[in-house]
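Colleague: Could you take me through the charged residues, the surface patches and the backbone details of this model, one point at a time?

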Amino acid sequence: MKFMEMLRNAWRNSNSLVCVGLDPDLKKLPEKVRETEHPIFEFNKAIIDATAAEVCCYKPQIAYYSGQGADEDLLLTMRYLKSNYPSIPVILDAKRADIGATTNMYAREAFERFHADAVTVNPYMGMDAIKPFLDYAEKGVVVLCRTSNPGAKEIQEVKTAEGIELYKHVARLVAGPWNYNGNTLLVAGATFPEELGQIRTIVGDTPLLVPGIGAQGGDVEKVMKNGMDRNGTGLIINSSRGIIYASSGDDFAEAAGKATRTLKETINRYR
């Protein structure tokens, strides 16, 4: 099944636009989890089981695994999701892109080693740097466009010779010539809701991955008003720290489930 079909099914079956970011910091995990052989995987497994009924996607950030020597935990997490929740799409947040031969390896890493359904990529080097990802027609390619960090404007708001902001130029490319396999999405941060609306106008029904809700302070109502597509979907609204660290105690999974349900209900109030 192609990623876009998986995503549409997940939106419908879960009645949810919530994505849970699996970004575990070993130092923040409950003591009883840290004592296990694969603490990051055990933490993820508990979070997944507690939230699976309420989400449309999961999004592990690869830095939290490679940076902590936990590649095996990421592999175990991906295998667990594929075995137990195969209908929930998984986006590997890696923000890759490089010259062709290197990008071929990055694409193999995401799609053949970790078996992700989609991956985030950086458009700064142009289409040839992400084409190996785009060529996996059944997979999703999520292109950075208007990110949620404060410094994003230093580059993303610079105007092109055509007189439009760079992020709008990226949006046109992603929804246009780069979408030759119908498998592109964009990252548009919740912390810039007006720009989110401008991106939606440019890209039509192209799905948007929206970070910045929760710990970064994005406003759900403004995101929904500006970002929904004509079908009342079109958004993958990510929360990481606000969900996985909803409690630091032994009830962390139960608290994560409650936080996910609360976010889902809040989002659905504005659909």
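Predicted model: local features only at pLDDT ≥ 70, side-chain atom pairs only at ≥ 80, totals over all residues.

Modeller: Residues are numbered from 1 along each chain as its sequence is written, and side-chain values use heavy atoms, with hydrogens and water left out.

Colleague: How many salt bridges does the count come to?

Modeller: Side chains of opposite charge can pair when their charged atoms come close. A salt bridge is taken here as a side-chain nitrogen of Lys or Arg within 4 Å of a carboxyl oxygen of Asp or Glu. By this rule the count is 14 salt bridges.

Colleague: In which helix does Arg172, the partner of Glu162, lie?

Modeller: Arg172 and Glu162 form a salt bridge in which the closest N and O atoms are 2.8 Å apart. Helices (H or I, at least four residues) and strands (E, at least two) are DSSP runs, numbered from the N terminus. Glu162 sits in the loop between α8 (153-156) and α9, so its pairing with Arg172 ties together parts that are ten residues apart in sequence, Arg172 itself lying in helix α9 (residues 166-175).

Colleague: Is Glu162 buried or exposed?

Modeller: Buried means under 20% relative accessible area, exposed over 50%, and partly exposed in between, with a 1.4 Å probe and protein chains only. Arg172, at 40% relative accessibility, counts as partly exposed. For Glu162 the relative accessibility is 55%, so this residue counts as exposed.

Colleague: Lys27 forms a salt bridge with Asp25; is Asp25 buried or exposed?

Modeller: The closest N and O atoms of Lys27 and Asp25 are 3.4 Å apart. Lys27 is exposed, with a relative accessible area of 70%. Asp25 has a relative accessible area of 15%, which means that this residue is buried.

Colleague: What is the relative accessible area of Glu165?

Modeller: The side chains of Glu165 and Lys168 meet in a salt bridge, at 3.3 Å from N to O. Lys168 is buried, with a relative accessible area of 18%. Glu165 is likewise buried, and its relative accessible area is 18%.

Colleague: Which residues make the nonpolar surface patch of about 470 Å²?

Modeller: Patches are made of residues with over 30% relative accessible area and no salt bridge, like charges being joined within 9 Å and nonpolar side chains (Val, Leu, Ile, Met, Phe, Trp, Tyr) within 5 Å; accessible areas come from the Shrake-Rupley method with a 1.4 Å probe, and for residues only the protein chains shown count as cover. The patch is made by Ile99, Tyr124, Met125 and Ile155.

Colleague: Where is His115, whose phi has a positive value, found?

Modeller: Phi of Asn15, a residue other than glycine, is positive, near 50°, and Asn15 lies in the loop between α1 (3-14) and β1 (18-22). Phi of His115 is near 55°, again a positive value in a residue other than glycine. His115 is partly exposed, with a relative accessible area of 44%, and is found in the loop between α6 (100-113) and β4 (118-121).
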